[in-house]
Amino acid sequence: MTTEAPMEAQTIFSPELAARFDKLVTLYPVRRSALIPMLLYAQDEQGYVTDAAIREIAQRIGITPLDVRNVLSYYSLLRTKPVGKYHVQVCTNISCMLRGGQKLFEHCKQRLGVGHKETTPDGIFSLEEVECIGACSWAPAVQVNYDFHDNLTADAMDAVLDQYRKQAEK
Amino acid sequence: MADVTLTVDGKKITAPAGTLLIDACRKAGIEIPAFCYYPGLSLQAACRMCVVRIEKIPKLQTACTTPVAEGMIVATDTDEIKQSRKAMLQLVLANHPLDCPVCDAGGECELQDMTFKYGAADSNFVDVKNHREEQQWSPVVYFDRPRCILCYRCVRVCGEGMDVWALGVQNRGVSSVIAPNGGDHLDCEECGMCIDICPVGALTSGTYRYKTRPWEMTHVGTICTHCGDGCKTTLGMRSSGDGMEIIRGDNRDKSGINGDFLCVKGRYAFDFANHKDRLTQPLLRNAEGKLTPTSWEDALAFAAQRLRKIRDTRGGEQIGIIGSNRTTNEESYLLQKFARSVLGTNNIDHHRTADYVSFAKALAGQEQRAASLRETETAPAILLIGNDPTEQHPMLAWNLRANVRHNRARIYIVNHQEIKLRRQATSFLKISADTYSTCTRFLAGEENSAFGAEATALREALSKEPNLLIVFGAELHGSAIESLVRYGLSLPDTKFACLGDYVNSRGAADMGMYPDMLPGYVPVQQPGAFATEYGERFPAAPGLDLPSMLDAAARGNLAALYVVGSNPVHRYGVAAASLKNTFLIVQDMFLTETALLADVVLPIANLYEKAGTVTNTYGDLQFVKKAADRSGVRTDLELIVRLADKMGADVHSLVPFGQGTRADMGQSRGAQSGEADRHAVWLAAQNLEPKLSPFDPSALLDEIQRLVPGYHFSRLELFSGNDQHVQATAHNTGLVQIVNPAERRDGVLPSEDTLFTSGTLGHYSGKLTEIHDSRNKEILVAAD
Ligand code: SF4
Ligand code: SF4
Ligand code: SF4
Ligand code: FES
Ligand code: FES
């Protein structure tokens with residue numbers, strides 16, 4: 001593995017993010033420690049981790065694209081395919097399951113007309129069944145992008161989805 | 001480090017502090033199973049097969065990560081441990097297809113062995129297995145994902161060992177998978193290390209897969225025929241319609257100088273032997289000028305009669321001989337002896353790939369200054385000038401990387417290219433291609449002008465190295481080698497290695513395949529014992545070197561040229577017309593550019609099909625065992641002897657057979673030795689070992705041992721397959737040199753081979769060509 005990391009003159013990221021990355025790689029004793037935050041920020045900016053992002057991040061750190069993929073594929077929160085504008089993550093882990101999480105997930109499938117890891121044709125919603133998201137006390141819980149919605153029922157879920165659709169149509 | 005004493009299974013053992021428990025046990029003959037642990041690679045502790053019980057520690061511990069400690073009490077074979085290992089195996093087998101009957105690794109699979117041993121064939125899992133189709137990742141690497149047990153040996157050997165980092169692990173938990181760097185294919189050095197190291201049949205080889213079962217092959221350990229490093233390789237043979245065919249090259253034996261390592265050529269490039277263009281009949285040029293098949297008797301009689309006539313009417317100096325970089329020491333020795341004592345000429349040379357003559361001269365009178373290949377793995381500091389070992393000496397490159405990894409060796413590189421090894425280097429000095437000798441003189445303090453601050457810093461750093469090993473490529477020759485050696489000798493305990501290109505390039509040089517040097521770099525003008533040994537035909541004056549022979553031929557001044565295992569027409573760009581007045585005899589496996597012009601073509605056996613010895617570029621002498629066999633070909637040794645016989649020479653004085661007390665009665669004949677071996681056993685029991693055959697290489701080895709200065713070695717070690725370091729020392733009589741060294745041209749022409757080429761042989765290796773082409777295709781696509 002090389003330690004040389006020629007800086008990209010051209011970047012696929014926004015100037016702000018590129019500047020943030022420039023700083024990030026200098027914060028740790030070894031550059032590759034910056035890998036996970038970089039992947040996450042890249043995903044936040046671009047919706048998913050693109051091949052181009054993998055190449056640029058590898059180059060910025062001075063590791064191979066394969067190294068980046070090794071780490072990237074380990075984390076289920078990092079993805080290499082686009083999702084909908086609103087990514088609905090329904091928890092069906094033990095607490096949520098006991099409080100109707102599974103049913104809620106089925107309900108979302110019906111309502112959105114897509115299955116696990118699928119996106120609606122208009123690209124507004126995507127659905128995913130996830131493991132515990134740390135909101136067990138208010139189960140069943142759903143995470144949409146970075147926002148939490150808890151203590152949900154089918155009706156409450158519909159209201160949440162409607163609200164996002166309205167936002168999208170604005 | 002100090003030794004510690006511990007008790008394992010009631011037995012007291014000692015090991016140096018810091019040793020891993022697993023190594024200490026294995027050394028003491030106590031077996032600890034392991035999938036993920038592999039000596040020389042980083043620790044993984046992933047498989048839990050190596051668990052042992054250590055007193056006072058509540059849980060079972062992994063022996064592969066636990067260093068030994070004083071007073072430690074260890075149990076390795078209790079019911080509890082067996083049960084734990086069995087449970088691990090059941091987990092591994094939960095998603096492992098039980099396709100042993102069709103799996104390539106069947107019969108030599110570590111998982112099979114473990115399952116057999118711990119009886120984990122039953123399973124509590126009912127889940128459906130996760131099947132994936134096999135994938136081809138490169139011309140030689142195939143991957144069967146379901147068989148992978150995720151030991152990560154392949155990932156580590158490719159990254160840490162090869163410094164290629166082409167394999168990774170993706171996903172996690174049960175869905176973890178080994179992934180190649182190109183997405184669906186590999187961009188790598190194709191060494192096949194990952195395949196060999198895989199404990200199961202998950203990674204399989206493009207040349208071997210589904211061809212045979214391991215127990216159906218005969219295995220013979222011999223020496224790779226390609227580069228000058230001379231790795232030992234275990235060839236797997238199977239009888240075929242016309243002999244014994246090589247099915248596989250690997251080094252599961254690991255007893256050789258190369259340990260675990262083989263590169264792409266050693267592992268896959270043996271298929272030239274089965275190339276469809278291989279010659280299996282002698283050819284004679286007929287009245288119409290066409291090469292037509294003939295019998296051995298006719299071909300040899302004709303060639304001998306012409307040679308004899310030319311010698312007797314026009315003189316030996318009208319005959320030239322070009323030898324090979326791939327024949328054994330015995331053959332090279334015999335060829336020059338034949339030239340000098342039968343043909344009466346010193347016109348003998350070969351394609352020189354390194355200036356061994358200057359090296360030997362510079363080291364004259366010095367003992368223990370030439371380094372063995374083994375020392376490149378242990379020397380604390382190495383100065384590498386020129387060459388690109390990753391491409392040209394893959395085994396050396398492997399050793400240097402291992403040395404940095406394990407011993408933090410300091411590697412100082414001077415090169416005109418940014419060679420890959422600079423990634424392991426302490427310092428890298430880039431110079432321009434034409435300044436190697438200036439740079440050397442600068443280091444030696446023999447250059448007045450400055451050579452830049454970096455070079456000064458390098459010289460400063462080197463002056464502090466007490467045990468430097470200097471390795472240099474063909475960029476250095478003549479007086480530059482002499483400066484370098486003078487410089488090295490001014491530092492304490494320096495050793496040297498001179499890099500030449502082919503398996504027996506060094507041997508050819510040591511055996512005197514030069515117009516002006518006899519075996520052991522004894523100058524022709526001061527032949528010493530050779531004068532009487534080689535009889536009255538031995539000419540007193542040096543002969544023509546290779547380019548001069550070709551020039552003489554072009555001028556119509558060379559009546560005959562005998563080319564053995566070489567392709568000078570291609571290598572030196574000779575015009576066909578320039579050889580038209582020369583009677584040309586060519587010994588080769590193929591109709592090369594040179595053979596096409598010959599009057600007589602004699603088909604020969606390659607290094608895998610004969611016995612003898614070779615000397616690698618470091619001076620490590622090794623035993624070549626006959627592995628494969630091909631009907632219709634003869635060894636170079638046999639052909640030279642028969643040619644001499646047909647010329648009316650006394651074969652007894654050419655090959656000292658039928659005398660002395662030792663002979664090869666089969667040790668060297670490998671797979672076919674059965675009958676001869678039984679006789680050998682009887683003869684050995686009677687203290688009898690007569691050399692019975694004039695084609696017996698060991699009769700010539702006797703003479704080499706007797707006459708070549710510096711070739712001191714033990715037969716026992718040799719026949720045991722162990723390497724021994726020899727140093728053919730330059731003649732050092734203290735007499736005035738007759739030749740002015742400045743006038744001598746060293747004639748070095750580096751072969752510029754890469755990882756994927758190997759001179760003429762490379763063209764005839766289907767696998768090497770396939771790999772070479774597939775890489776070029778990728779490069780073209782990438783450039784689009
Ligand atoms: S063949 Fe060699 S270089 Fe290629 S992936 Fe396997 S270990 Fe790495
Ligand atoms: S492919 Fe072979 S060596 Fe690599 S992790 Fe799997 S079992 Fe181990
Ligand atoms: S390093 Fe050289 S000797 Fe060793 S396997 Fe490769 S080509 Fe053969
Ligand atoms: S189980 Fe659903 S949030 Fe923890
Ligand atoms: S060998 Fe120790 S855990 Fe694999």
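Here is a short walk through this predicted model, from its domains to its ligands. Residues are numbered from 1 along each chain as written, while chains are lettered from A and ligands numbered from 1 in written order.

Let's start with chain A, which splits into domain 1 (15-72) and domain 2 (86-169), with bounds taken from an automatic or database domain assignment. The C-alpha centres of those two domains of chain A are 29 Å apart. Chain B has domain 1 (3-77), domain 2 (95-205), domain 3 (283-351 + 517-659 + 687-715) and domain 4 (356-498). Between domain 2 of chain B and domain 3 of chain B, the C-alpha centres are 48 Å apart.

Now for where the chains meet. Chain A brings nine residues to the contact and chain B brings 14 residues, counting heavy atoms within 4.5 Å. About 960 Å² is buried between chain A and chain B, with carbon and sulfur atoms giving 52% of that; buried area is the accessible area (1.4 Å probe) that two parts lose on being put together, summed over both.

Next, the ligands. Around ligand 1 you'll find residues including C158(B), C188(B), C191(B) and C194(B), where being near takes a heavy atom within 4 Å. That shell divides into eight nonpolar, one polar and two charged residues; here Ala, Val, Leu, Ile, Met, Phe, Trp, Tyr, Cys and Pro count as nonpolar, Asp, Glu, Lys and Arg as charged, and the others, Gly among them, as polar. Ligand 2 has 13 residues around it, and C148(B), C151(B), Y152(B), C154(B) and C198(B) come nearest. Its shell has 13 nonpolar residues, with no polar and no charged ones.

Conventions: This is a predicted model: local features need pLDDT of at least 70, side-chain atom pairs count only at pLDDT 80 or more; totals for chains, interfaces and linings use all residues. Side-chain values use heavy atoms; hydrogens and water are left out.
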